[in-house]
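I opened my notebook to look up a few side-chain contacts. Come along and follow the entries.

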Amino acid sequence: MICHQLRTGGDLDFDDIYQVAPWPPLSWDLGIDCDADQVAAPRLFKTHQRLSAQPRGGRYLCTVRDPATTILSWWHFLGPAGKDIPPLRKYANASQFCRDERFVVENMRFGAALWDYYVEFWECRHLENVHVVAFEDLAEDARGALPALAAFMGLERSPAELDAVAALCTREAMRAHASKFDESWTYRRLVDVGRMGDPSSYVPSDRVRAATAATAALDADAVAFLDRQWAERVAPRTGHPTYADFAAALPR
């Protein structure tokens, strides 16, 4: 959403974010041509795959987030409050879910474990065509992050234009346009196009929660498990013993 608003200066004339920032693995099923012209430059695509799996020749904006809150968000999206997918119905909460081999520990369903993303982003952080930003920085001060993001995208934007973009990208503004992000259009489109055998996993779910929405915390054992995973799989490759240290060391 931020990148699209930066390149257009403010555009809400779309039914679903996939229409303006296509997700290539799903685009054929949606009848979206990834080679078609887009509404503005630069062209945008989203991905959940690891950086090393991306086609070369682009610029790559990567986001990272604290592992615990990543797991809570992933559980909210996939679990009973979201898509309620059958393989996860055996779990009562996110603390149990965080140990799942197929959705967290070894593969987040897109060819990489959670830990692989941190390592690859860290190793590529100084490349001219890679920019890594912490989700927490965006959540705390999205307006403050916009000049660097615009520059990375090759865009010149005035302070007034950046103010307008920031206003469109607040949690409240996005909740006011929740249908653009909840896959309601996606589900209808998948059914209409008919290329996906079973589109039920795209039944709409809330993507933009209110700031006051209750979110259960991970229990102490789950937090300890995630800390061990970080110590074993991320710290040796990055030199940072915690996510907080890792995020603080990212280039701004």
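Is Glu 120 buried or exposed? I looked it up in this predicted model: Glu 120 counts as buried, at 12% relative accessibility.

Next I checked its partner. Glu 120 and Arg 50 meet through their side chains in a salt bridge, 3.0 Å from N to O. That pair links distant parts of the chain, with Glu 120 in helix α7 and Arg 50 in the loop between α3 and β1, 70 residues apart. Arg 50 counts as partly exposed, at 24% relative accessibility.

Arg 50 also meets Asp 116 in a salt bridge, at 4.0 Å from N to O. Asp 116 lies in helix α7 and Arg 50 in the loop between α3 (24-30) and β1 (60-64), so this pair ties together parts 66 residues apart in sequence. I noted Asp 116 as partly exposed, with a relative accessible area of 22%. A network of salt bridges links Arg 50, Asp 116 and Glu 120. My search of the whole structure gave nine salt bridges.

Then I turned to the rings. I found 14 aromatic pairs in the structure. Trp 115 and Tyr 118 have ring centres 6.2 Å apart and planes at 35°, so I wrote the pair down as tilted. These two residues are three apart in helix α7 (residues 114-123), separated by about one helical turn. Trp 115 is buried at 1% relative accessible area, and Tyr 118 is buried at 2%. Ring pairs join both into a cluster with Trp 122, Trp 230, Tyr 243 and Phe 246.

Last entry: the charged end of Arg 65 sits over the ring of Phe 135, 4.0 Å from its centre.

Conventions:
Residues are numbered from 1 along each chain as its sequence is written. This is a predicted model: local features need pLDDT of at least 70, side-chain atom pairs count only at pLDDT 80 or more; totals for chains, interfaces and linings use all residues. Side-chain values use heavy atoms; hydrogens and water are left out. Rings of Phe, Tyr and Trp (its six-membered ring) pair if their centres lie within 6.5 Å; planes under 30 degrees apart count as stacked, over 60 as edge-to-face and the rest as tilted. Helices (H or I, at least four residues) and strands (E, at least two) are DSSP runs, numbered from the N terminus. Buried means under 20% relative accessible area, exposed over 50%, partly exposed in between (1.4 Å probe, protein chains only). A charge sits over a ring if NZ of Lys or CZ of Arg is within 6 Å of the ring centre and within 35 degrees of the ring normal.
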